[in-house]
Amino acid sequence: MTSTITDHSTNSTERDLITARHLINGEWLGGADTERMNPARPGELAALSPSGTAADVDAAITAATAAQPAWAALPAPSRGAILMAAGNLLLDRQAAIAEDLVREEGKTLAEAKGEVKRAADVLRFFGSLGWAATGEVLPSGLPDTTITTRREPLGVVGLITPWNFPIAIPAWKAAPALISGNAVVIKPAELTPLSATHLARALQDAGLPAGVFNVVHGKGRVVGDVLARDPRIAGMSFTGSTNVGLGLQEILNARRARVQLEMGGKNGVLVLDDADPRKAAQVVAAGAFGLTGQACTATSRVYVTPGIRAAFLAALTEEAAQYTAGDGFDAKMGAVVSSQQFEQNQAAVRTAVERGATLLHGEYDGGTDAGFRFPAAILTDLPFDDAAVTEEIFGPVVAVLEVPDYEAGLAAINDSRYGLTAGICTDSLAFSTDFAARAQAGVIKVNRPTAGLDLNVPFGGVKDSSTNTFREQGKSALDFFTWGKTVYTGV
Ligand code: NAD
């Protein structure tokens, strides 16, 4: 829900506080020509931002190109110290940033605080890697010869990020890029301009040299597209929808630039008879309804074996009732991000019901007078090829289907174009071990929600969920932002 500004009552001081700007060569630039309304409170302005142009992107890339060599020449521990200081600043500012995040994205305050903390920890984790060795020493078959390997920065990298983790995703892409000696141009999601701006401000206040980290706000098909096509961008890391990601991949591949895509998911959980129905329901509910279901790793389809079906559905319905939808400042489940996403959620549930599905919990015809409140939805009795089972909805909607046994459940989990995360609820070591080996997903969760990962672990998927080449997060994130070099030294 962005639009050109017309009229509102917010005074100029308040407008300044909620205005995101471009950061180009260390300067805050651009007007406040796009408004973002709070999705939980109709009529409340949450953020203002400039609508970037091709010229803004060009200026940002020019600044990054000029700043990158000196940044790469700085000793890695010095680069790391700046990242760690920026992480500490985010922690100091956690409460205020989290409130901005709730207002512009809609998630709960607890989720927003957790996300700001995650961004801070990510900066400190990668900052600490400034002290870590990155190369190897290898033996040579030649006499008096030493072989070493080095990791070199790509140069200037482009980042394009979505609205659902508006500060954590920019942080987990920027931090490995920066610690590796790259300069960055980022285009944050239009719906959430303030969060990425807070990250930029922390980096600048921590002493990051001008031009090393640049932000250009605006439309994806303008700012994002120009960024992807510019030959000075040596690599691009994107998180967002599969359609946009695959389009960017073509552009980047055509000029043989490096590309990393993290895209959609349709994450399934298999619940077996030997599981505890209450615990399984809690695992599924946390994965499906936490973050308003707006996580790429959210649980959206569940396969249950016959012996646990009734008890599991009863427990899941009770869990769903606890996820009251509303304003993130007081509800257990925050608002849906936009009218478009709200209507998408309603249409997905309505269509399934019209085709014969049972709606065990939820509704699909509520209004938006009190914001985009969408109750947690549980669908059953629907065919395996129903769109609610196969297509990403990106809302708090879960479809529960019965399977005769483990093998049928595993086959159903794998019958998807996506492969980001997959889960199993069972007490069986044999089934959980087999599932970990055979489930086609980049992350496997046994008796844990599909959503939510630690910051130090490799993250990414297979099939249409990811490029399935370079992983994000943890030390593996450094691979994408560097290239390898082998050095022979003789004496
Ligand atoms: P989106 O694809 O609409 O937008 C993502 C970003 O791409 C935004 O910054 C947008 O402005 C930009 N963009 C849009 N069109 C573009 C174009 N033609 N060229 C260049 N850039 C363009 O996605 P969204 O609605 O912001 O986020 C929701 C999607 O993100 C869901 O599909 C979700 O699964 C996915 N997601 C994936 C992960 C993951 O790690 N796999 C994490 C979070 C979200």
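Colleague: How many residue pairs are in polar contact between domain 1 and domain 2?
Modeller: This is a predicted model, and the count takes pairs with both residues at pLDDT 80 or more. Domain 1 covers 5-263 + 466-490, and domain 2 covers 267-455. Between these two domains, the number of residue pairs in polar contact is nine.

Colleague: Which element gives the largest share of the side of domain 1 that touches domain 2?
Modeller: Two elements give two or more residues to that side of domain 1, namely α4 (94-105) and α5 (109-128). By class, the side has 11 nonpolar, seven polar and 11 charged residues. The largest share is six residues, and the element that supplies them is α5.

Colleague: Which residue forms a salt bridge with Arg41?
Modeller: The count between domain 1 and domain 2 is one salt bridge. The closest N and O atoms of the pair are 2.6 Å apart, inside the 4 Å cut-off for a salt bridge. The partner of Arg41 is Asp327.

Colleague: What area do domain 1 and domain 2 bury between them?
Modeller: The centres of the two domains, taken over C-alpha atoms, are separated by 31 Å. The contact takes 29 residues from domain 1 and 30 residues from domain 2. Carbon and sulfur atoms carry 60% of the buried area, which is about 2,200 Å².

Colleague: In domain 1, which residues lose the most area to domain 2?
Modeller: Three residues together make up 21% of what the domain 1 side buries. They are Pro39, Ala40 and Trp163.

Colleague: How far does an oxygen atom of the ligand lie from a backbone N or O atom of Thr161?
Modeller: The ligand has 28 residues around it, and Thr161, Glu190, Ser241, Met263 and Glu392 come nearest. For Thr161, the backbone N or O atom and the ligand oxygen are separated by 2.8 Å.

Colleague: Which residue has a side-chain N or O atom 3.0 Å from an oxygen atom of the ligand?
Modeller: Gly240 places a backbone N or O atom 3.3 Å from a ligand oxygen, so the backbone is the part involved there by the 3.5 Å limit for a polar contact. The 3.0 Å distance instead involves a side chain, that of Lys187.

Colleague: In which helix do Asp121 and Arg124 both lie?
Modeller: A search of the whole structure finds 22 salt bridges. One joins the side chains of Asp121 and Arg124 at 2.9 Å, N to O. The two residues are three apart, about one turn of the helix, and that helix is α5.

Colleague: Which residue has its backbone oxygen 2.8 Å from a polar atom of the side chain of Thr145?
Modeller: Thr145 lies in strand β7, residues 145-153. Leaving aside residues up to four places away in sequence, Thr145 touches Ser140, Tyr488, Thr489 and Gly490. The backbone oxygen at 2.8 Å from the Thr145 side chain belongs to Pro143.

Conventions. Residues are numbered from 1 along each chain as its sequence is written. This is a predicted model: local features need pLDDT of at least 70, side-chain atom pairs count only at pLDDT 80 or more; totals for chains, interfaces and linings use all residues. Side-chain values use heavy atoms; hydrogens and water are left out. Domain bounds come from an automatic or database domain assignment. Contact means heavy atoms within 4.5 Å. Buried area is the accessible area (1.4 Å probe) that two parts lose on being put together, summed over both. A polar contact is a pair of N or O atoms within 3.5 Å; within protein, one must be able to donate a hydrogen and the other to accept it, and residues adjacent in sequence count only if both atoms are side-chain atoms. Helices (H or I, at least four residues) and strands (E, at least two) are DSSP runs, numbered from the N terminus. Ala, Val, Leu, Ile, Met, Phe, Trp, Tyr, Cys and Pro count as nonpolar, Asp, Glu, Lys and Arg as charged, and the others, Gly among them, as polar. A residue is near a molecule or strand if one of its heavy atoms lies within 4 Å of it.
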